[in-house]
Amino acid sequence: MNNTETVYTIDTVIEKIMEENKQYDLSKIVSAYECAAKAHASQLRSSGEPYITHPLAVSYILLDLGMDTDTICAGMLHDVVEDTDTTLEEIKKRFGQDVAMLVDGVTKLGKIPLYTKEEQQAENVRKILLAMSQDIRVIIIKLADRLHNMRTLQFRPADKQRATALETMNIYAPIAHRLGIRAIQDEIEDLSFRYLDPFAYSEIEQTLKIRSDERYAFIRSIEDQIRARFKELGAAEPQLSGRVKSVYGIYRKAFVNGKSMDEIYDIYAVRIVVDTVVNCYNALGIIHDMYNPLPNRFKDYIATPKANMYQSLHTTVIGSEGIPFEVQIRTVDMNYTAEYGIAAHWKYKEGIKKDKLENRLAWIRKIIEAQQESDDAEEIVRTIKSDLSPEDTFAFTPKGDIITLPAGATIIDFAYAIHSEVGNKMKGAKVDGKLVSLDYKIQTGEIVEILTSNDPNHGPNRAWLDIALTNEARSKIRSWFKKERREENIETGKAKLAHEFTRNSINVPEEDLADFLADDMKRHNCATLDDYYAAVGYGGIILDKILPRLKDLYTKRYGPAKPTSLPFIPKRSNTGIVVGGESNIEVKMAKCCDPLPGEDIIGFITKGHGVSVHRRDCRNYIEAMQKGEDTDRWVDVVWAESVTRNDDPIFKATIDIVAYGSLTLIADIATVTADMRVPVTNISTRVLKNGNTNILLTCSIAGAEQLRNLIVKLRKLTDVISADRIAK
Ligand code: MN
């Protein structure tokens with residue numbers, strides 16, 4: 001489809017029609033062409049070519065998408081009502097009601113200015129959605145029109161290029177994405193990106209050009225290996241296609257993950273198309289047997305399709321040359337849908353069944369309905385935009401610059417995305433004019449203002465490392481601590497190390513410490529003990545990673561570690577908790593993390609209210625350790641094996657459930673809790689913007705294991721998308 005040079009004539013279009021294995025009314029299409037050619041006869045494109053080349057190109061793209069005769073005719077005629085004397089009435093008389101309706105729809109869409117004030121923008125996007133909901137073919141024609149205009153954008157004046165590219169990136173690419181029309185989405189994103197960030201574009205393009213022969217050969221060799229292996233195992237020969245990712249695809253990966261091009265795993269992608277779903281999983285087994293899979297890179301979009309109905313298995317593996325590549329595995333049907341999305345309904349008879357098509361259009365209607373209930377223009381814009389691109393968040397600086405972040409990004413990510421200085425000097429933030437906390441999750445469409453400090457000593461906080469989502473922000477925070485806070489890092493590092501040593505019963509005499517750590521210091525390029533402490537302090541050395549080695553070393557030198565703080569564990573306790581070996585100390589469960597029996601816990605000696613018990617992974621505990629605050633007030637505690645007191649302490653846990661909103665959902669959840677005899681203490685539900693239901697379920701829980709079982713059972717419910725414990 002990617003052909004920017006071709007000049008289209010009616011002959012190229014007729015040739016294409018002959019190639020397609022479908023019934024077309026050729027004479028109707030030719031007469032639509034003649035009508036358009038006559039109407040546009042005196043007009044030229046900015047490129048100097050006859051205007052008719054544009055409707056011809058649009059029709060060609062529509063043919064490629066497999067659209068029907070009426071859509072092709074409307075593609076030929078899409079600009080005549082707007083730009084010539086031909087009227088809608090004439091079109092209706094000659095080509096029928098359907099073609100006239102499609103042309104009218106496209107003409108109206110073209111009149112909607114997309115970049116005006118927010119409130120108007122909401123209204124305009126609403127119009128687009130309305131047009132889509134009446135006949136989805138209207139927006140498909142509009143996308144084809146936009147694709148050809150983007151391909152020929154070099155002939156337009158520079159300011160028009162930018163505005164068109166921005167509009168394409170912000171409105172049309174997300175719509176193509178939502179409709180799953182990959183073939184158009186990829187190309188218009190790449191083309192827009194070329195105009196929006198020409199430097200980044202050419203940098204990536206150049207990098208890809210270098211050694212492109214080698215890249216090509218690498219992909220071919222992987223394909224050959226896979227084909228040979230399938231044959232060897234007697235599996236049916238799969239369809240294979242390998243490629244290098246699109247320029248914008250690479251940019252987005254690099255940007256979202258804060259990585260350089262060398263660090264992006266899936267510059268290469270190999271697609272394997274097989275006949276059945278079962279064979280998808282079989283193929284995955286073969287691939288994982290041939291190559292080493294990278295951890296945490298497997299995604300099952302067959303079991304959990306994306307919002308645009310995309311289905312596939314994704315995994316990233318390492319080839320024999322040590323080069324990682326992504327493998328996508330799917331069936332023939334899934335492949336149609338992946339490439340053509342909603343257009344697969346026309347292109348392939350079996351591509352999308354009628355009811356699935358209806359399903360896909362349902363989201364448009366939902367948005368429109370939701371809007372009619374709300375008068376809040378900003379809210380409407382936000383809903384539409386976030387629904388259109390569920391994977392990224394777009395927010396604005398007060399000056400109107402767009403900052404793109406992964407979904408779930410916080411104020412801290414936003415500040416560092418602007419500039420490291422802005423992040424380092426941040427003391428607060430406003431979203432849409434209101435003060436928010438730094439862990440606030442930014443939503444698409446919001447205007448974020450970062451408030452900075454003039455104090456030259458002002459800097460980030462270590463707790464930010466846990467809040468920030470992007471690697472970019474985290475690495476900038478870490479490098480600040482590395483550079484600016486040596487004294488503080490040394491103190492923090494010392495305290496952290498001392499704490500972990502106590503926890504692991506490692507008791508090295510002070511004078512032996514430098515010798516004991518000598519190997520590890522060398523390993524981390526630390527010349528002195530202070531360097532080492534500093535590295536632990538800013539997070540350059542991760543204690544969890546080095547402790548097993550230090551424990552071994554300790555055992556070798558000093559014999560097995562002897563517990564110092566827990567001489568024995570009484571089996572019974574009044575409270576259910578044993579504090580430092582003592583069974584009857586007053587305790588209470590911390591509200592911030594609701595620890596459950598069976599979970600790893602730690603106690604904090606409060607001033608006058610006994611010991612409050614936290615989970616070891618509680619943010620408050622981790623933060624206190626990182627800041628080195630009150631380290632001596634944290635004590636080891638364990639769960640007793642049994643509780644002597646009559647009134648058993650009641651533990652509770654809250655589970656955050658996201659599910660498709662079905663009528664039986666609550667009943668299904670209630671059945672699970674009743675079966676497990678888990679008392680429900682609170683349940684609240686709300687409908688999310690995308691139509692899914694969010695449920696907060698609070699239960700009385702006996703222990704960690706019961707909670708795990710409950711969550712497993714909830715996740716198995718048909719309509720449940722996710723179920724996770726949250727700290728309340
Ligand atoms: Mn046009």
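Select asparagine 692 and show its surroundings: setting aside neighbours within four places in sequence, asparagine 692 is in contact with Val658, Ala659, Tyr660, Gly661, Arg686, Val687 and Ile721. Keep in mind as you look around that this is a predicted model. Asparagine 692 sits in the loop between β20 (680-687) and β21 (693-701). Is asparagine 692 buried or exposed? Its relative accessible area is 14%, so asparagine 692 counts as buried, the cut-off being under 20%.

**Zoom out**

Now show the whole protein as a cartoon. You will find 30 helices and 22 strands. The protein has 728 residues, and buried ones make up 49% of them. Taking contacts between residues at least 6 apart in sequence, 66% join residues at least 24 apart.

**The manganese ion**

Next, select the manganese ion. Which residues coordinate the manganese ion? The donors are His54 (NE2), His78 (NE2), Asp79 (OD) and Asp145 (OD), at 2.2 to 2.4 Å. Along the chain, these donors follow the spacing H-x23-H-D-x65-D.

**Threonine 71**

Move on to helix α4 (residues 69-77) and pick out threonine 71, which lies in it. Threonine 71 counts as buried because its relative accessibility is 0%. Show side chains here, and look for the polar contact of 2.3 Å between those of threonine 71 and aspartate 68. Beyond residues up to four places away in sequence, threonine 71 touches Leu62, Leu102, Arg137 and Ile141.

**Two crossing helices**

Select helix α10 (residues 182-196) together with helix α11 (residues 198-209). Their axes come within 5 Å and cross at roughly 120°. That angle makes α10 oblique to α11. To see what makes the contact, show Asp190, Phe193, Arg194, Tyr195 and Leu196 on α10, then Pro198, Ala200, Tyr201, Ile204 and Glu205 on α11. Sorted by class, the contact of α10 with α11 has seven nonpolar residues, three charged ones and no polar ones.

**Lysine 476**

Now go to helix α22 (residues 471-484), where lysine 476 lies. Lysine 476 has a relative accessible area of 22%, so it is partly exposed. Leaving out residues up to four places away in sequence, lysine 476 touches Tyr416 and Ser420.

**An enclosed helix**

For the last stop, select helix α26 (residues 529-538). How many of the 10 residues of α26 are buried? Seven are, so α26 is largely enclosed by the rest of the structure. Highlight the buried ones: Tyr532, Tyr533, Ala534, Ala535, Val536, Gly537 and Tyr538. To see what they pack against, show α22, α23 (486-503), α24 (513-516), α25 (518-523) and α27 (543-558). Helix α22 is also where you found lysine 476. Finish by stepping just past the end of α26 to glycine 539, which takes a positive phi of about 95°.

Definitions and conventions. Residues numbered from 1 in each chain as written. Predicted model: local features only at pLDDT ≥ 70, side-chain atom pairs only at ≥ 80, totals over all residues. Heavy atoms only, no water. Helix = DSSP H or I, 4+ residues; strand = E, 2+ residues; numbered from the N terminus. Buried < 20%, exposed > 50% of the residue type's maximum accessible area, 1.4 Å probe, protein only. Polar contact = N/O pair within 3.5 Å; in protein donor to acceptor, adjacent residues only side chain to side chain. Contact = heavy atoms within 4.5 Å. Donors = N, O, S within 2.8 Å, 3.2 Å for Na, K, Ca; no water. Axes fitted to C-alpha atoms, helices over the stretch in contact; angles between N-to-C directions. Parallel < 35°, antiparallel > 145°, perpendicular 65-115°, else oblique. Nonpolar A, V, L, I, M, F, W, Y, C, P; charged D, E, K, R; others polar.
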